[in-house]
Amino acid sequence: MEYHEEFVPINGIRQYFLHCLAPGANTVLLYLHGGPGFSASYRAYLLDPPRHSCSLVFYDQRGSGKTLLRNRSAKPTFPLLLEDLRCTIAYLKAKYSAKNILLLGHSWGSVLGSEYVLKYPQTISAYIGMGQVVNMEKGKEAAQKELQRRMQKKKQSQAVPKCRLSLLQQYRYGLYPPILDSVKSVWKSPVFSCRDLPALLRAPFVNKALNRFLWEYDAEQKPMYAIPVYYILGKNDWQVPSILAARFFETIRAPKKKLFWIPDAGHSTDIDNPKAFWDAIDEICLQMHS
């Protein structure tokens, strides 16, 4: 995959961009990472597409990754992130003269992306939710029930304490992927080095206010969109349960919408099954051109 890095003046600070170019494509897919505070650009190298239907752009949000390293005192707030995103999209339109800008929000990025398209629908062509957040409390309840079902199936326990989910139990019963796999994939990244470690360690503290916003968010309050909406959901996503997003998707009103189920994939849907992910993106790009 051909890529280049740059720092761009966005809304008062210099923010980090990773551009993965598709020569000749007139569509740009802007990827909003999760967390809040975890840069997706570190693992972009795992998404080398079999075909180049669009250019793929990552940027480290304020308070995340290389943007945090460059701007240690620039604390993120949700209004600031919305304005950062508006300026970012304007920058990409000018840079690429792209006919279509697709906005993909993953996990926390799906909160930022959903709220953005509700406020500025005229600035992009379509919204794509992946690991889509609907309501974190309801999601925790759904994951609790699934954990209990898996434990009872193996006859290890007749009940799971309702007060909290044990991370160890979630890893043991396959609700979360092995954390070492994620660490290794970041460490092998061509855009990651030891200099990036301080940002990884500081991000949870810098993004505390955004994390509270995430847990108070409820997508069900705003099911109407003025642009096409697509969801790409992993069949085995229990970190942000995809069954909850699928139920919400049925209630969404939009000019066009489609849900793509990705087999053999969890919360890191695109990385777990890149081929199926790109098949979905290719179909969305074709619909944009039709």
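Before we look at any single contact, let me say that helices (H or I, at least four residues) and strands (E, at least two) are DSSP runs, numbered from the N terminus. What we have here is a predicted model, in which local features need pLDDT of at least 70 and side-chain atom pairs count only at pLDDT 80 or more, while totals for chains, interfaces and linings use all residues. Residues are numbered from 1 along each chain as its sequence is written, and side-chain values use heavy atoms, with hydrogens and water left out.

Let me start with the charged pairs, where a salt bridge is a side-chain nitrogen of Lys or Arg within 4 Å of a carboxyl oxygen of Asp or Glu. A search of the whole structure gives 11 salt bridges. One of them brings together the side chains of K95 and E6, at 3.9 Å from N to O. This pair links distant parts of the chain, since K95 belongs to helix 2 (residues 78-96) and E6 to strand 1 (residues 3-10), 89 residues apart. K95 counts as partly exposed because its relative accessibility is 35%.

Helix 2 also holds R86 and E83, 3 residues apart, about one turn of the helix, and these two form a salt bridge whose closest N and O atoms are 2.6 Å apart. R86 has a relative accessible area of 32% and is therefore partly exposed, and E83, at 23%, is partly exposed too.

If you now turn to helix 11 (residues 274-289), you will find K275 and D279 there, 4 residues apart, again about one turn of the helix. Their side chains meet in a salt bridge at 3.1 Å, N to O. Here K275 is exposed, because its relative accessible area is 57%, whereas D279 counts as partly exposed at 32%.

Next come the aromatic rings. A pair of aromatic rings is described by the distance of the centres and the angle of the planes. For the count, rings of Phe, Tyr and Trp (its six-membered ring) pair if their centres lie within 6.5 Å, and planes under 30 degrees apart count as stacked, over 60 as edge-to-face and the rest as tilted. There are 14 aromatic pairs in the structure. Among them is the tilted pair of Y116 and Y120, with 5.1 Å centre to centre and 45° between the planes, and both of these tyrosines are buried. One aromatic cluster is formed by F38, Y42, W187 and F192.

K235 lies over the face of W261, 4.8 Å from the ring centre, and K257 lies over the face of F249, at 5.0 Å.

What about the cysteines: how many disulfides does a search of the whole structure find? The search finds 0, with a disulfide taken as a pair of cysteine sulfur atoms within 2.5 Å. For C20, the closest cysteine sulfur is that of C54, and at 10 Å it is too far for a bond. The sulfur of C54 has its closest cysteine sulfur in C285, at 4.2 Å, which is also too far for a bond. C20 counts as buried because its relative accessibility is 4%, and C54, at 3%, counts as buried as well.

Finally, a few points about the backbone. Most residues other than glycine have a negative phi, and most peptide bonds are trans. In this model, however, a cis peptide bond joins G35 and P36, with omega about 0°, and P36 is in the loop between strand 3 (27-32) and strand 4 (55-59). N11, which is not a glycine, has a positive phi near 50° and lies in the loop between strand 1 and strand 2 (13-20). S107 likewise has a positive phi, near 55°, in the loop between strand 5 (100-106) and helix 3 (108-119).

How values were computed. Buried means under 20% relative accessible area, exposed over 50%, partly exposed in between (1.4 Å probe, protein chains only). A charge sits over a ring if NZ of Lys or CZ of Arg is within 6 Å of the ring centre and within 35 degrees of the ring normal.
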